[in-house]
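Work through these exercises with the model open beside you. Try each task before you read its solution.

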Amino acid sequence: MTHHASPPSPPGRTRGIMLLVLAILGLAAAVFVVRRPLMMSAPACMAGRWHGCFDTFNGVVLLTLAALPLAALVVWALARRRRAAGVMSAWRISLAEVGMVHGTVPFLWMTLMPGGGAGTVPARVSLVPLRDLATMGPIGIGGNLLVFAALGFFAPMRFAASASVPRVLALGAGCSVLVETAQYVLRLDRVSSVDDVLVNATGAVLAALASRRWWRTTTEVPADRPHPTPAPAR
């Protein structure tokens, strides 16, 4: 009797499945750790109240996690539409577009939340590099690393023009400068610091390096254009 062994899974597919499992486990662990603070904002969010939900970090994080199924549904709908149109890499493009928005907008919202003295205290600027890192603490540094992490992770996957480390660094730094400028102009009772720009840009670069194997390169056929079907021979 001969036994037909099933062919082994491609290494790329196995690696992708393992990364997905690790991401799910990491997200589940993060939710388990912060479940109590998040649940403090749940009543206000469920009632649709602005105060206690949209103006708190816990409320924004809770809404972001609650919107994950909707984000996944949008990815599925976009990918299905693109596949029907004959677009290559439909899933990658759709995931990158939704991931950039879903992973960046909540952090921008939290970054632009006004402090207690917004509009009354003078705007503050710190232009000395590395001076504010000690006052940020591990939580502050980790949060700043995540502000543009989704943008750095997904932008090179979606746009070939940004598929290089220097360009991602420039993208993260430029977006961060805009955020710090908005904090200063709007007088949100926050310090517009050059260290925030440095840490935000570093987070974008680290995330981009993590997704480097999925980047679009200039040598690829544009993935967002359907390939023409050859004319039948006569």
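Contact here means heavy atoms within 4.5 Å. The model is predicted.

**Exercise 1. Describe how helix 8 packs on helix 9.**

Step 1. Recall what is needed. Two packed helices are described by the angle between their axes and the distance between the axes.

Step 2. Read off both values. The axes of helix 8 and helix 9 come within 10 Å and cross at roughly 135°. That makes helix 8 oblique to helix 9.

Step 3. The crossing of helix 8 and helix 9 is right-handed.

Step 4. Name the residues that meet. Helix 8 brings Leu151, Gly152, Ala155 and Pro156, and helix 9 brings Val168, Leu171 and Cys175. By class, this contact of helix 8 with helix 9 has 6 nonpolar residues, 1 polar and no charged.

**Exercise 2. At what angle do helix 4 and helix 6 pack?**

Step 1. Locate the pair. Helix 4 spans residues 57-66, and helix 6 spans residues 90-111.

Step 2. Take the angle and the distance. The angle is about 170°, and the axes lie 10 Å apart. Angles over 145 degrees count as roughly antiparallel, so helix 4 is roughly antiparallel to helix 6.

Step 3. Check the crossing of helix 4 and helix 6: right-handed.

Step 4. Look at the contact. Phe57, Val60, Val61 and Thr64 of helix 4 meet His102, Pro106, Trp109 and Met110 of helix 6. The contact of helix 4 with helix 6 holds 6 nonpolar residues, 2 polar and no charged.

**Exercise 3. Which cysteines form a disulfide, and are they buried or exposed?**

Step 1. Count the disulfides. The structure holds 1.

Step 2. Identify the pair. Cys45 and Cys53 form the disulfide, with sulfur atoms 2.0 Å apart.

Step 3. About the S-S bond of Cys45 and Cys53 it is about 105°, so the disulfide is right-handed.

Step 4. Check the surroundings. Cys45 and Cys53 are both buried.

Key. Residues numbered from 1 in each chain as written. Predicted model: local features only at pLDDT ≥ 70, side-chain atom pairs only at ≥ 80, totals over all residues. Heavy atoms only, no water. Axes fitted to C-alpha atoms, helices over the stretch in contact; angles between N-to-C directions. Helix = DSSP H or I, 4+ residues; strand = E, 2+ residues; numbered from the N terminus. Parallel < 35°, antiparallel > 145°, perpendicular 65-115°, else oblique. Left-handed = near helix turned anticlockwise from the far one by under 90°. Nonpolar A, V, L, I, M, F, W, Y, C, P; charged D, E, K, R; others polar. Disulfide = S-S within 2.5 Å. Buried < 20%, exposed > 50% of the residue type's maximum accessible area, 1.4 Å probe, protein only.
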